[in-house]
Amino acid sequence: MRFRRLRLSNFKCFADADLRLDRGVTVIHGLNGSGKSSLLEACFFALYGARALDRTLDEVVTIGADEASVELWFDHDGAEYRIERTLTRRGESVTTTTCVLEGPDETIEGARDVRSAVAERLRMDAAAFVNCAYVRQGEVNKLINASPNERQDMIDDLLQLGKLEEYRERAKLSRRGVGRVRDSKRGALEDVEAQIQEKEDAELHDRLASLRSALSDVEEDIERFQTNRERAEHQREEATATLEEYEQRREELETVESAVDELTDEIAAAEQERSELADRIADRREQREEHRETAATLLAETELAADSLETLEEAAVDARLAELRERRESLSDHVAECRADVERHESEAERARERAEELEREAEAKRTEADELERELAESRETLSERREQLETLEADIDELAARFEEAPVDPEGVADHRESVAEALSDARSRVDTLEANLSTARDQLEEAESLLEAGKCPECGQEIDGPEHVEGIAAARERVETLESELADAREQREAAAERLERARKLESLADDLLDARTRKSNVERLVDEQADTVERDAERVEQLRERADKLETQADEKREAAETAATAAAEARERLGELNEESSSVQTAIETVESLSDALADIADVTADVESLRERRANLAEQNELRRERLAEKRERREELADAVDEAAIETAREKQAEAESYLKKVEPKLEELRERRDDLQGQIGAVEQELADLEELRERRDRLAERVERLDSLYEEADKLAATYSDLRAELRGQNVRKLERMLNETFELVYGNDAYSHIELDGQYGLTVYQKDGEPLDPEQLSGGERAVFNLSLRCAIYRLLAEGIDGAAPMPPLILDEPTVFLDSGHVSKLVELVESMTELGVRQILVVSHDDELVGAADELVGVRKDPTTNRSSVERMDAADAAALAAFS
């Protein structure tokens, strides 16, 4: 894999940057704080998103900008790719609005999908990338400073061996789960077999035949009674039809008579309404005269030119009304403006007074706060002293707890694994004891039975009569079997007790480790509190001074606000006087408008009453026409009433009633009998259904028994397979780790010898748990922690490069790897060891690493560069820029700084 190009917009200190990256060694050079590391962080962020950051997205976007973007072009495994991520600030938060990975075959969108695609193609997530290829600033000693377990987990995860341990644990869990399921299914099988036996003893088929015979007799009785009921229903229907026909005629007669009465009433009502309409017409004419008198009076009060209502034009009234309304609107605008001036000046005066009071209160509050803060400051200084004493006590406690682990079989980090291992051994020992106890009990029972048979003169094996002692050897073997099992059981019990004692010791060690972790945590918390308290004391002292200065300023501002309030009150009084004049004139105009509007309303009322009189006259004429039509329909209805009265036959009606009563009487008697027979039938059918269901349940139970038996057999086989699988994963992990250890040890020695060959050290050994030991020429072993600071840094860089080479070469062949990235690797190196770092970089290129990116402010690394990138920060804008440079440019940059 190779980075080809990086383009940034508003990313941290870079407003705009576009950088091409080539093969070989690229050194990114510049002053501390110029933004060199930000370029590498941008590459890392482009690949893995927010998970690659040690900070929030808000801190990535350039201060003052609302959007930032990162684009990275890279080659991987013979294909070209481009990633783009865009961040947008919305309110108080920053979110990813664009995330795209463009490849040769597809385009992937979405932060989660892009991150998964990158991890899949590189075969490493963000954490693995850091542990393998990206030596970040300040983390050069990360692997050496890690505990053995942490270092083992880091390297195993990089080499994908952590998956094998995960698979082994899954296999063990599967075995336990299969065992539980198998035992459960065995119990279910026994329960099903008991249910089958219970149902087979119930003679279900005989019960079913008896119930079906009784059901046949009941159904024949139901059929006979239903036939008789149908005959009675037919007779009742015929009689009912005759009665319904009579009822229809009677109802029609009642309808006709009702229609006659209704028409008579409608005619009378219409005549009454005509009379009432005549009265209303007279009333409306009187109202019209009253409206005329009112209109004439109003006309005299207006300034209209007409002499009478007959000469008054509606347009003249509308024009006068429009003129008055226009004047009122003009006055309203002036009134509103004047009222607004009054309110504005009064509001200004009130706000100024309130603000003056607020400023005085705020000034008093600032002084009170300053006094309280001074008291708190004294208490904080006393608390800070107490916490520093507490920190010394915790350090002594930690030293005491750590000393108690010097004789322990494990370190504090490994106590949990140790306790789990001992607990598993105890579980195996207990299982062994249980198995031997069961076998011993069985062997004793068999021996006792054989001895009883032999004493009775029978064969201990087949129970037949015997004459001679030829079966005594079988008895002896059984006794020997019992003795052997008793001996094995005694040993197993001793092993169980020993394992229990080891578990108790392991638990005590785990408790001690928890105490040590708790003490270290409390120490860390107290250290943090001490630092925070010291900062608080300093800030509070500054705050007291600021509060007193602020109080003085606030009192000055309060005096200025009182003067402004007096000026605004004077202006409000002048505006209020003008408002009174405008209101008086507006009232006069409103009176004239109301008079003209009343005149217009009176004229409209005259027109409405005249139209109403005409409408009432038309309604009265319509009612006269409707009554003529009603009188014609009334004559027709009376004629139909006489025809219906002659069509009724009372004798036929009486006969139909007798037949209807006879049929209904039979139906009342037969229905209870049928209900009784149906209930008997339903009961028999229910019993038959129950027996049939029991037979179906029996068959289902037999099928279930077969399935359970087959399942139990499969589970037995699966349990054995899971046990074998767990052992296979464990063996495979051990074998692969051994291969990796040997290969990594060889590469580490090659790399270390290239950059640190001297007369002091002979070689490095790496044990099965990736524990590191450096050997001097005289054979004396050294822990890497015993090396000097510079030697330890070179040693760690060699280890990281060896791991990189191991992953690049792979276990089964070469694998494409990301660029080797070193961020400020000279932090822990003195000038003498920087040259060793240069040799290390050159050796990695000779070993085939396609691209190495080094970030440093050290000028000595410039000579190792194939490409040089300069980073410069403008002190006026605080923005950084990048440019490709040669060695002379780098020297000039250093001289400029």
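This is a predicted model: local features need pLDDT of at least 70, side-chain atom pairs count only at pLDDT 80 or more; totals for chains, interfaces and linings use all residues.
Analyst: A residue is called buried under 20% relative accessible area, exposed over 50%, and partly exposed in between, with a 1.4 Å probe and protein chains only. By that rule F11 is buried, because its relative accessibility is 1%.

User: How many helices and strands does the chain have?
Analyst: The chain has 14 helices and 15 strands. Both are DSSP runs numbered from the N terminus: helices are H or I with at least four residues, strands are E with at least two.

User: What share of the residues is buried?
Analyst: Of the 897 residues in the chain, 36% are buried. The accessible surface comes to about 52100 Å², and 43% of it belongs to carbon and sulfur atoms. Those areas come from the Shrake-Rupley method with a 1.4 Å probe; for residues, only the protein chains shown count as cover.

User: And how far apart in sequence are the contacts?
Analyst: A contact means heavy atoms within 4.5 Å. Among contacts between residues at least 6 apart in sequence, 75% join residues at least 24 apart.

User: Back to F11. Which ring does F11 pair with?
Analyst: The structure holds three aromatic pairs. In one of them F11 and F45 are tilted, at 6.1 Å centre to centre and 35° between the planes. F11 lies in strand β1 and F45 in helix α1 (residues 36-48), so the pair ties together parts that are 34 residues apart in sequence. F45 counts as buried because its relative accessibility is 2%.

User: What are the criteria for a pair?
Analyst: Rings of Phe, Tyr and Trp (its six-membered ring) pair if their centres lie within 6.5 Å; planes under 30 degrees apart count as stacked, over 60 as edge-to-face and the rest as tilted.

User: Which charged residue lies over F45?
Analyst: R85 lies over the face of F45, at 5.8 Å from the ring centre. Likewise, the charged end of R5 sits over the ring of W73, 4.3 Å from its centre. The rule requires NZ of Lys or CZ of Arg within 6 Å of the ring centre and within 35 degrees of the ring normal.

User: Now the strands. What does β1 pair with?
Analyst: Strand β1 (residues 2-11) pairs antiparallel with strand β4 (residues 67-76) over seven bridges. Strand β1 is also joined to strand β2 (residues 14-20) by six bridges, again antiparallel. Two strands pair here if DSSP finds at least two bridges between them. Strands of a sheet pair through backbone hydrogen bonds, either parallel or antiparallel.

User: Which residues stand opposite L8?
Analyst: L8 stands opposite V70 in β4 and opposite A17 in β2.

User: What happens at the turn between β1 and β2?
Analyst: The hairpin has two residues between the strands, and K12 takes a positive phi near 55° there. Most residues other than glycine have a negative phi. K12 counts as buried because its relative accessibility is 16%.

User: And D77, buried or exposed?
Analyst: D77 is exposed because its relative accessibility is 61%. D77 lies in the loop between β4 and β5 (79-90), and has a positive phi of about 55° although it is not a glycine.

User: What surrounds L101?
Analyst: L101 is found in strand β6 (residues 93-102) and is buried, because its relative accessibility is 3%. Not counting residues up to four places away in sequence, L101 touches several residues, including F74, Y81, I83 and V118. L101 and I83 are 18 residues apart in sequence and 4.5 Å apart in space, C-alpha to C-alpha.

User: Last topic: how many disulfides?
Analyst: A disulfide is a pair of cysteine sulfur atoms within 2.5 Å, and by this rule the count comes to zero.

Definitions and conventions: Residues are numbered from 1 along each chain as its sequence is written. Side-chain values use heavy atoms; hydrogens and water are left out.
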